[in-house]
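User: I have this one open now. Let's go through it, starting with the terms you'll be using.

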Amino acid sequence: MSTTTEYSAATRTGRISNFVDTRMGVSPMVKEFGRKIFPDHWSFMFGEVALYSFVILLLSGTFLTFFFDPSMAHTTYEGSYKPLYGLEMSVAYASSLDISFDIRGGLFMRQVHHWAALLFVAAMSVHMLRVFFTGAFRRPRELNWVVGCLLLLAGLAAGFTGYSLPDDVLSGNGLRIIDGILKAIPVVGSYISMFLFGGEFPGYAVIGRLYVLHILIVPAAILLLIVVHLFMVVVHKHTQYPGPGRTNDNVVGYPVGPVYAAKAGGFFFIVFGVISLLAGFFTINAIWNYGPYDPSPVQAGTQPDWYIGWFDGALRLMPGVLGDFSFKWDIPFPWGVNSIPLGVLLPMIPVGILMVGMIVWPWIERWVTRDDREHHLLDRPRNAPFRTAAGVAGIIFYCVMWAAASSDLIATHFHMSLNDVLYILRFLYFAGPIIGFIVTRRICLALQRKDREIALHGREAGVIEMTPAGEFRERHEHLSDYELYRLVGFENRRPVPAQPGKDGKVSGLEKQRAKLNKWFYEERVEPVTRDELTAARAHGHHDAVEADHGAHGIDR
Amino acid sequence: MGEQGYGGPGHHSDAVEHAGVEDSGTYAIDNPGLPPHRPRLADEDPRAAKKAERQVAFLFLLSILGTILFFVGYFVIGQVGPDTAAETLRLQNMLLGLGTAFAMLGIGVGIVHWAKTLMPDHEMVEQRHEVRTEADRADAQGIIEDILEESQIKRRPLLRNTLIGAVALAPLPAIAIFRDLDDTDNRSDLAAENFGVERFRHTMWDEGVRLVRDPSGTPIKASDVTIGSAFHVIPEGLNELQYGKLNEKAKAVVLLMRLDPDKLEVSEGREDWNVDGIVAYSKICTHVGCPVALYEQHTHHLLCPCHQSTFDVTREAKVVFGPASHALPQLPITVNEEGFLVARSDFQEPVGPVYWERG
């Protein structure tokens, strides 16, 4: 090492980088990342929003930890907020009030923290939908999809543990609901509840415990998962939308330095700015209005943070009794009667299925479609009608539960009977996803047909011409090759019939797979072929647009 | 990495040739390659570039003003305290928000505008690589096999099996050590009925305990309870508890109301649980435990604001709607010789949500 002559830098940048490089050897990293290409699209920004919200959560959260005291010991409030002066409350609630009223900028930081938390989960959710609907989770990115799902769940955990900390009436009632749900778990439920609360609800322990989870365990887990998530993005390189110049083997976009770094870095400040505006002008979680936690009072029309809503709504949708039949199931065992509250547990099952289904979807799709190739080009959602329809069905299912969490507000706002609102939502809970699936698939196919029509016959120019023979026609403008490629450059996916296994027989499972596969791909619109395009161009215009529809596409 | 240049137009045209090879013949037309680059105004017109530069600088200046605005909010309005008016607090919060927003948006929008107008907007192309190479995989597999071989773990099943046993058992203490997360049953001063799940069955109510108002603690005479009125009730002595007050309150809160005795459906064994139509029910919802705080006089329904479980007081708080699956427990009450309402006993069944050992 020392025998070679030292490189001597000519510029100042060179000297600094030489200093760092001789001590840390970072030149290969600069070479690798300095000009790394990132594709550009507005829909790729949601993940960034989530990341930046998390950074803001760490910054504002650190400020809050310096002033918050998670003790549940009783104290008498002697702070600045007069309506609560002299009231008995927990130290945790008193210190939350102090942050709001006695510490300069404390209220602002609380609001920043809460708004950033809402945005964090929202951005992660939308990012996830983007990944789902464009098929970005396919090989080789399945594992990163799982990491993303875990991040979303960790985000929910962070939100919930934080929501419970101020120990006001609202958060205390939230904890009480958690207590009720935990107790519903068969066999071990009562003990899990007692371990969490250190005895009976509410006890003196739970806020301190949630605090440790909220400021240490959960953020550490999120940070770790983010590192893994981003590392995998670098390993895989980013996906890109199909289009002229883009192939499955290249990445087209802007280099990290300077363009992408500037855009992404600037975007952090924009996210921070928007959150600051929200925090400055829109009060959120005005804990001083609720009062200290007391098991007796409750406020009508209160709402959980939005991402907890679907759990709450699932609970509301379930009827506890049907006529004289009660969903409280008492099981007579030789040692006595044990109880299972099906009214609480049953609605949690679809919630669990939706979560697990989300995590394992890449493998479901891979198994059904037998598509095990690497995909770096995204699908336009319309070109994957089944997946898009399934995704929309999932969204509707989620949103019905979410809406149910506001059933009382919907009822009062639209002057409806509370019972009717719930009956409608119960109907939608079952019918909504099915209707959504059918309608979405239809819309996708219709959009594909429209793409075909435009690809073959060009765009309607809005100009009516009269031929010498007196016929009126609308002029069609042909597309440029770049535009045309966007419309025709997608894969023609056909059903894969059941395949015999190693023993030469078609197994029952394989038959089921083939059936699902047919359901996946049966209805589809084939992309324009070379011959069709040549024929259409030769004809000029006005051929009937034949959309391939149904099974006859398989045999060709 | 071979194709990856250092940017610039030369590299870009290279990409166009490259594209279209991989998917040729697959689609109706071949990949036409990247569309030609369209220069922006600022690329060609130095005046437009100068204008963009000024706009970016203006945004950065705006950010500086934002930071100053923050300091105005923080120092000029100054320390908040008992004498701060609500409007002042709101104004301070607004200035801090507005100042930070300007400071951040100025930088953010400025940089993005800079990137969009002045930095090169040539799209560049990079080739993807296999996540792994076949040779690496074979090497890795060989290394792992060597490691296993050298460790001899396959050849010596006794070592393997005892190790599995030891490793399976070793984490158990780490779980067991959390047993005292609930340490209340280690406290010798508590009665046996307050151990474990048994305590869910017991509340502060007992024979002769007076019903008092929540939160004032004043006792209630039967004559105070007129038809249509409802009282939030706690057991006498609750407010004086030094420790575990909220725990007891979370189980013992009761709603008291008077109905026309003719309207009450009273089941067998509960005939003497009401006092001339005055009935007391647990306020803890049997669904997941929210306080059932809304009483609708006309329909005699109790409604839980959390999940809308509805109970009919005339029919012993039976569930008529919503997710709760069993009736609210009734507190047997009577009047003592002074005319105050008192409990006849504790609740006859556990209050609140269903749990496994409830029965």
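Analyst: Two strands pair if DSSP finds at least two bridges between them. Helices (H or I, at least four residues) and strands (E, at least two) are DSSP runs, numbered from the N terminus. The model is predicted, so to speak of local features pLDDT of at least 70 is needed, and side-chain atom pairs count only at pLDDT 80 or more, while totals for chains, interfaces and linings use all residues. Residues are numbered from 1 along each chain as its sequence is written, and chains are lettered from A, ligands numbered from 1, in the order in which they are written.

User: OK. What joins strand 4 of chain A to strand 1 of chain B?

Analyst: Four bridges, with strand 4 (residues 250–255) of chain A running antiparallel to strand 1 of chain B. Within that pairing, A:Asn250 stands opposite B:Gln127.

User: And how many residues does each chain put into the contact?

Analyst: Chain A gives 99 residues and chain B gives 87, where two residues are in contact if their C-beta atoms, placed from the backbone, lie within 7 Å.

User: Which element gives the most on the chain B side?

Analyst: Helix 4 of chain B, with 16 residues. Elements that give two or more also include helix 1 (9–18), strand 1 (124–127) and strand 9 (318–321) of chain B.

User: What is that side made of, by class?

Analyst: The chain B side has 50 nonpolar, 24 polar and 13 charged residues. Ala, Val, Leu, Ile, Met, Phe, Trp, Tyr, Cys and Pro count as nonpolar, Asp, Glu, Lys and Arg as charged, and the others, Gly among them, as polar.

User: Different topic. How is chain B divided?

Analyst: Into domain 1 (1–20 + 32–127), domain 2 (136–166) and domain 3 (202–343), with bounds from an automatic or database domain assignment. The centres of domain 2 and domain 3 of chain B, taken over C-alpha atoms, are separated by 67 Å.

User: What does UniProt list for residues 251–342 of chain B?

Analyst: An unreviewed UniProt entry has "domain: Rieske" there. UniProt positions are given in the numbering used here, feature names are shortened, and annotations may be inferred rather than shown by experiment. The span is 2% helix and 30% strand, and its end C-alpha atoms lie 17 Å apart.

User: Strand 4 of chain B next. How many of its residues are buried?

Analyst: Five of five, over residues 254–258. A residue is buried if 20 or more other C-beta atoms lie within 10 Å of its own, exposed if 12 or fewer, and partly exposed in between, with C-beta atoms placed from the backbone. B:Val254, B:Leu256 and B:Arg258 point one way, and B:Leu255 and B:Met257 the other.

User: Which strands does it pair with?

Analyst: Strand 3 (residues 230–235) of chain B pairs with it antiparallel over four bridges. Strand 5 (residues 278–282) of chain B is joined to it by five bridges, also antiparallel. B:Val254 is the bridge partner of B:Val233, and in strand 5 the partner of B:Val254 is B:Ser282.

User: Which residues touch the most other members of the largest nonpolar core?

Analyst: B:Leu211, B:Val233, B:Val254, B:Leu256, B:Ala280 and B:Tyr281, in a core of 109 residues. Such a core is a set of buried Ala, Val, Leu, Ile, Met, Phe, Trp, Tyr and Cys residues joined through C-beta atoms within 7 Å.

User: Last one. Why is B:Val72 called partly exposed?

Analyst: Because B:Val72 has 15 other C-beta atoms within 10 Å. B:Val72 sits in helix 3 (residues 46–76) of chain B.
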